[in-house]
Amino acid sequence: MVHAKGPGPPARRTLRVRVRVILYYAHRDEKLRDELAKHLAALRRSAVIDIWYDRKIAPGDEFDRDILQQLQNSDLVLLLISPDFMNSDYCYLREMRIALRRHAKGQARVIPIILRPVDWHGTPIGKLSALPKDGKPVTTWRRRDEALLDVAKGVRRAAEQLRHHRSQRIATWQKHKRKEIRTGTQAA
């Protein structure tokens with residue numbers, strides 16, 4: 001996006017980078033994942049987020065390697081919580097642990113999305129703010145679309161915060177680079 005108003009100082013470019021979102025879910029919850037993806041489509045179409053999940057792995061690619069690579073590059077990790085997710089060693093012991101490690105280091109933000117009723121409060125994700133509102137499972141809402149809309153709005157807020165922090169870091173980096181160029185010095 002370029003801002004310009006007639007003659008004057010040069011136009012300023014605003015960097016609008018998409019937030020990389022990864023969805024972790026138990027395959028038994030695939031239909032709910034598809035419904036959620038539809039509700040996130042407006043964010044995807046307006047270039048706020050890019051969405052990835054394991055069904056996008058191409059035939060012949062290495063499943064574990066691709067999932068780990070996508071996780072390492074993600075900004076926002078949505079854990080789609082259900083009894084099947086909690087029961088899956090792969091989801092719970094591998095994907096969730098790695099995601100929470102990145103969250104603790106400030107490398108990504110993890111948001112639990114409570115799809116179906118399950119006792120999740122006493123788990124490592126129990127300390128995180130969940131969606132939809134108050135951690136009420138999506139399937140228990142009278143209108144499922146309202147629950148998923150609430151999730152999409154929460155994801156938008158998180159993505160906008162991440163974009164804002166990223167643009168601040170980039171602006172700070174650019175400011176230091178311009179100073180280095182002007183003074184002929186280089187930061188250590």
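**A tour of helix α1, the cores and a helix pair**

Select α1 (30–39): Leu 32, Arg 33, Leu 36 and Ala 37 are buried there, meaning under 20% relative accessible area with a 1.4 Å probe and protein chains only. Look down the axis of α1: the buried residues fall within an arc of 145°, so they line one face of the helix. The arc is taken from the directions from the helix axis to the C-beta atoms. On the other side, Lys 31 and Lys 38 are exposed, that is, over 50%.

The model is predicted: local features need pLDDT of at least 70, side-chain atom pairs count only at pLDDT 80 or more, and totals for chains, interfaces and linings use all residues. Residues are numbered from 1 along each chain as its sequence is written, and side-chain values use heavy atoms, without hydrogens and water.

Next, select Leu 40, Ile 49, Leu 76, Leu 78, Ile 113 and Val 155, which have the most contacts inside the largest nonpolar core, of 29 residues. Such a core is a set of buried Ala, Val, Leu, Ile, Met, Phe, Trp, Tyr and Cys residues joined through side-chain atoms within 4.5 Å. Its largest share, eight residues, comes from α6.

Now show α3 (residues 63–73) and α5 (residues 89–104), which pack at about 30° with their axes 10 Å apart. Axes are lines fitted to C-alpha atoms over the stretch in contact, and angles run from 0 to 180 degrees between N-to-C directions. The angle makes α3 roughly parallel to α5, a term for angles under 35 degrees. Residues making the contact (heavy atoms within 4.5 Å) include Phe 63 and Ile 67 of α3 and Tyr 90 and Ile 98 of α5.

How values were computed
Helix = DSSP H or I, 4+ residues; strand = E, 2+ residues; numbered from the N terminus. Parallel < 35°, antiparallel > 145°, perpendicular 65-115°, else oblique.
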